Amino acid sequence: SSFKIAAVYAALRLISDTVSTLPLDTYETRDGARFVYRPQPAWVVLPEPDASMQRADHYQSLLISLMVDGNSFTRKLRNGNGDVIALTVLDPTRVEVRRNALGFIEFVIDQRYVVSQDDMIHITELRRPGALRGTSRINELKETLGLAKALEDFSSQFFGSGSTIGGVIEVPGEITAEQAEGMQSAWEKGHRGLRKAFRPGVLSGGAKFIKTSVEPNEAQMLESREFAVEEICRAFRIPPHMLQSTKPGAMSYASVEENSKQFVTYTLLPYIEKIESAYSRLLPTGVYLKFNIDGLLRANLTERYQAYSIGTQAGYLSINDIHRYEDMPPVDGGDVYRVPLANVNLEAAGIVEAEKRVNMITKLVNLGFDPAETLQVIGFTPIAHTGLPSVQL
């Protein structure tokens with residue numbers, strides 16, 4: 001029933017759609033440098049890692065299972081050689097996790113089929129110490145979600161009843177049960193439903209309508225529903241503006257820009273890291289799966305490049321260091337560090353220093369100082385001069 005809560009549905013769609021549509025590739029590390037790994041395994045190359053759904057749907061199902069149940073179970077399908085050729089996301093409510101007599105973890109599907117740990121990818125969102133299954137946030141926060149569901153049910157019932165307040169019809173004197181039922185039916189027939197919400201009512205025989213419930217604005221229904229949305233944002237670690245919250249300050253430009261960065265860092269990256277770590281175990285040693293989140297950080301691209309520029313000019317970053325951070329292949333000569341200000345190779349730093357000292361000697365000699373003493377002060381050994389003297393001398 002949590003799917004029927006609009007904020008929960010929007011939160012699940014936001015996270016699962018964002019992560020499942022990110023581009024991904026396989027990389028390997030050699031001598032500290034990252035290189036694209038080829039050829040890719042079949043389950044990475046194919047647009048359908050699962051025979052029944054597209055790649056985006058596959059990872060979306062995995063994330064929905066992870067966020068709702070706290071567990072995701074992916075069955076490995078192998079060919080005759082034992083190579084993984086497809087992956088299938090299972091319904092977590094149909095899978096039981098247990099230890100066999102030897103102490104190894106195994107998975108029981110529909111209380112019938114036993115799958116070994118080698119043929120299953122089990123990812124948990126939050127696992128308590130010693131537990132085999134992850135903790136479901138939906139079960140843990142059922143009171144909070146129940147409040148949100150109750151508010152939605154109240155709104156639906158309120159407007160479905162014609163946006164009118166409940167009450168009693170007070171009649172002077174005694175009336176029979178049939179008369180009371182008839183008066184009640186007549187009142188509901190004339191006022192129930194949105195089309196009849198504002199029709200004037202007529203009561204005869206001294207009858208009066210007495211309100212017995214509280215107005216929605218007096219009960220702060222809108223404020224309560226806004227608070228319920230904030231609670232769901234807190235549970236899923238989503239900035240309020242991403243669920244269309246109209247809370248003052250949530251939609252300002254500075255808040256939106258900074259919250260979007262935090263959404264990637266604190267909400268998406270934990271899920272991405274769990275998936276990358278679990279699926280990379282299907283690859284050879286030193287090879288790993290990686291989602292490309294550069295598209296989500298495009299607003300921060302200028303700041304990253306400015307930081308790289310400062311690092312290279314200060315001499316503590318090389319071109320290949322930056323390429324490793326950005327998952328780019330190294331370039332020839334890119335491991336050379338540059339000297340600040342002069343912006344030359346470290347090996348050429350002495351040449352730049354000597355050039356500056358020669359310029360100092362030239363100025364002093366042109367000002368009339370003795371060349372030999374000038375060389376001695378600057379720290380140069382006297383050398384013979386075989387050409388003509390300068391015009392100044």
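Buried means under 20% relative accessible area, exposed over 50%, and partly exposed in between (1.4 Å probe, protein chains only). By that rule, 34% of the 393 residues of the chain count as buried.

This is a predicted model: local features need pLDDT of at least 70, side-chain atom pairs count only at pLDDT 80 or more, and totals for chains, interfaces and linings use all residues. Residues are numbered from 1 along each chain as its sequence is written, and side-chain values use heavy atoms, with hydrogens and water left out.

**Exercise 1. Count the helices and strands, then describe helix α1.**

Step 1. Helices (H or I, at least four residues) and strands (E, at least two) are DSSP runs, numbered from the N terminus. The chain has 12 helices and 11 strands.
Step 2. Helix α1 covers residues 6–20, 15 residues in total. From first C-alpha to last it reaches 21 Å, close to the 21 Å expected at 1.5 Å a residue. The expected span is 1.5 Å times one less than the number of residues.
Step 3. Buried residues in α1 include Ala7, Leu12 and Ile15.

**Exercise 2. Find the largest nonpolar core and the element that supplies the largest share of it.**

Step 1. A nonpolar core is a set of buried Ala, Val, Leu, Ile, Met, Phe, Trp, Tyr and Cys residues joined through side-chain atoms within 4.5 Å.
Step 2. The largest one has 45 residues. Ile15, Trp43 and Leu289 are among those with the most contacts inside it.
Step 3. Elements that each supply at least two residues include α1, α3 (55–69) and β11 (287–291). The largest share, eight residues, comes from α8.
Step 4. A second, separate core has nine residues, including Phe73, Val95, Val97 and Val115.

**Exercise 3. Is Phe73 buried or exposed, and what does it touch?**

Step 1. Phe73 is in strand β3 (residues 71–78).
Step 2. Its relative accessibility is 0%, so Phe73 counts as buried.
Step 3. Contact means heavy atoms within 4.5 Å. Leaving aside neighbours within four places in sequence, Phe73 contacts Val95, Val97, Phe107 and Ile121, among others.
Step 4. Ile121 lies 48 residues from Phe73 along the chain, yet their C-alpha atoms are separated by 5.7 Å.

**Exercise 4. Describe how strands β5 and β6 pair.**

Step 1. Two strands pair if DSSP finds at least two bridges between them. β5 (residues 95–99) and β6 (residues 105–109) have five, in the antiparallel sense.
Step 2. In β6, Glu106 is the bridge partner of Arg98.
Step 3. The two strands form a hairpin with five residues between them. Gly103, in the turn, has a positive phi of about 90°.
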